[in-house]
Every structure is written in C-alpha cells, then in structure tokens.
Amino acid sequence: ARRLLKLGEEKFGAPPVPYTFVVLGSQGRREMGMASDQDNAFIIDDAYDEAAHGDYFARLADFVCNSLAECGYPLCPGNMMASNPDWRMSLSQWKTKFHLWITKPDPDALLHAQTFFDIRGVHGDDELVDDLRATYVPIAEGSKRLHAHLAKLAANREPPLGFFRGLVLEKGGTHENTLDIKKGGIATVVQMARLFAVASGLPQVGTRDRLAAAAGAGAVSRQGAADLRDAFDFLATVQLAHHEAAVNAGEVPDNHVNPKELSRLEREHLR
C-alpha cells in the first residue's frame, strides 16, 4: 500500500494538502488472513477543499485501491474504501462522523464504528490519525450506550456448538459439513477485546494488545485475557492453515472449515 501510494504521488504529483492513508478492520489490527478484503480511507488535513483538491484524491484513491485488487487484495463488497468519496474526509469531518457513531449507535453506526475503531495509518501524516484517535477514544469511553450495544453484538455471536458441546456443522448448500471459524469464534474474541478497549479508554488496536492492556486496566481478569488470547491464537492458526490449503489447491480461500480435515487433537481444542 505504501509503495502504491508513493507511485500514485509520482503519477499525479505531490499531494496538495497533507493526508494519511489509513487501513481498517483486520488490516488495521494486523490480523489479515488470505480471505480478507480491503478496508481503507483517507484522512485529509482541514485545509482540504473539495472543489480544489477532490479530483486529486479521487484519482489517487482509485489508483491505489484498484492496484491493490490487482495484487490480490479484493475490493471491499461494502465499498468501505478510499475510492468511495464517503471515506475521503477532512480531519474535522472525521471527528464529527465518529462523534455521531458513538453518541447515536444505530445498526449502521455500529457497523462503521466497529470497523473504524480498528484504524491504523500506513502512509502520510500520522499526526492526523493520532489526533482523530485522541478525540474519539475518551468520548467512546464515556458512552455507556455504545458499550451496551457492543456487548450485545459480541454476546449474540453463537459458537457452533450443540447442547452436548458437539460441533454443529452447516447442512446443505455450498458450505455443507463445515463451520465458519471466523463468525463462530474469531470475531467474538475480536469484538470482546474491542469492547474492553473502548470501555477502558485504551488506544490499542490489535486484539492481543487490547486484551493485555484491558487486563492491566482491570476491564477483564488476567486469566480471562490469557484464555481469550490463547483461544484467538489457536483459532487464527486453524484459519490460516485452512487458507493455505485452499490457495495451494488453487481455490479461493474462505473461513468455512471442515472438522474432518483437522486432527483429533485440533478438533478437541476447537471445541
């Protein structure tokens, strides 16, 4: 991404105002798998003028996002990318947007908040993303309503386990006899870690870092944080091995794991 942005600046000229290219979601957390798509945006200095500068950043965004897709990072199905003008805003506009998501957490706001809380600058003026984070972290810490919604989202994710703790597999369809390891497990730990961080006013972004910081802040017990980290690491290992096997077989990687492809020990740990 950094190299493409530098190539874009060579192609279209130096940026007219300072900006930073940020990555979001799993890439923001440094937790991408081979089935991950793009999630990114531009934070632009408040000197940004849409009429004067909009065309430059639109061309740069299109160049970078389309080039990333050519490199194997699929375009986001939800269009949450810098190539979408909705995700190219000035710093002040971003601050207003975050305030709205935090104080009025409707379903769309919650979806965006979850993704954008996992934000990391990769190229440009890092002070822009640091300034944004310093603004929204304390507001989110004080929003009990947001915490309740985030907790509900985490609790609503049901692990694919039956009454007797047997693995529950999908019946019929493209993914018959598989379970979704991301939806059923990884995403829950990610959401819990994010909630702990948000409710404690912590700036960390990665799941492991959030769990460690949250334990230090008393948001979760040290044993609880260690258990969640171990579960996360194991699930991520199974996920990446599944991705690797798919790529080596010339298939498109996904998160639907067939337990029969795992060893007995792995199935026991998975359950």
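Tyr56 is buried, at 7% relative accessibility; buried means under 20% relative accessible area, with a 1.4 Å probe and protein chains only. The model is predicted, so local features need pLDDT of at least 70 and side-chain atom pairs pLDDT 80 or more, while totals for chains, interfaces and linings use all residues. Residues are numbered from 1 along each chain as its sequence is written, and side-chain values use heavy atoms, without hydrogens and water.

Phe57 is also buried, at 0%. Tyr56 and Phe57 form an edge-to-face aromatic pair, with centres 5.2 Å apart and planes at 85°. Rings of Phe, Tyr and Trp (its six-membered ring) pair if their centres lie within 6.5 Å; planes under 30 degrees apart are stacked, over 60 edge-to-face, the rest tilted. Trp87 and Trp94 count as stacked because their planes meet at 20°, with centres 6.1 Å apart. Trp87 is buried at 7%. Trp94 is buried at 1%.

Ring pairs join Trp87 and Trp94 with Phe98, Trp101, Phe116, Phe117 and Tyr136 in a cluster. The whole structure holds 18 aromatic pairs.

Now the helices. The axes of α8 (residues 181–200) and α9 (residues 207–217) come within 9 Å and cross at roughly 45°. Helices here are DSSP runs (H or I, at least four residues), numbered from the N terminus. Axes are lines fitted to C-alpha atoms over the stretch in contact, with angles from 0 to 180 degrees between N-to-C directions. The contact (heavy atoms within 4.5 Å) includes Val189, Phe196 and Ala197 of α8 and Arg210, Leu211 and Ala214 of α9.

How values were computed. Helix = DSSP H or I, 4+ residues; strand = E, 2+ residues; numbered from the N terminus. Buried < 20%, exposed > 50% of the residue type's maximum accessible area, 1.4 Å probe, protein only.
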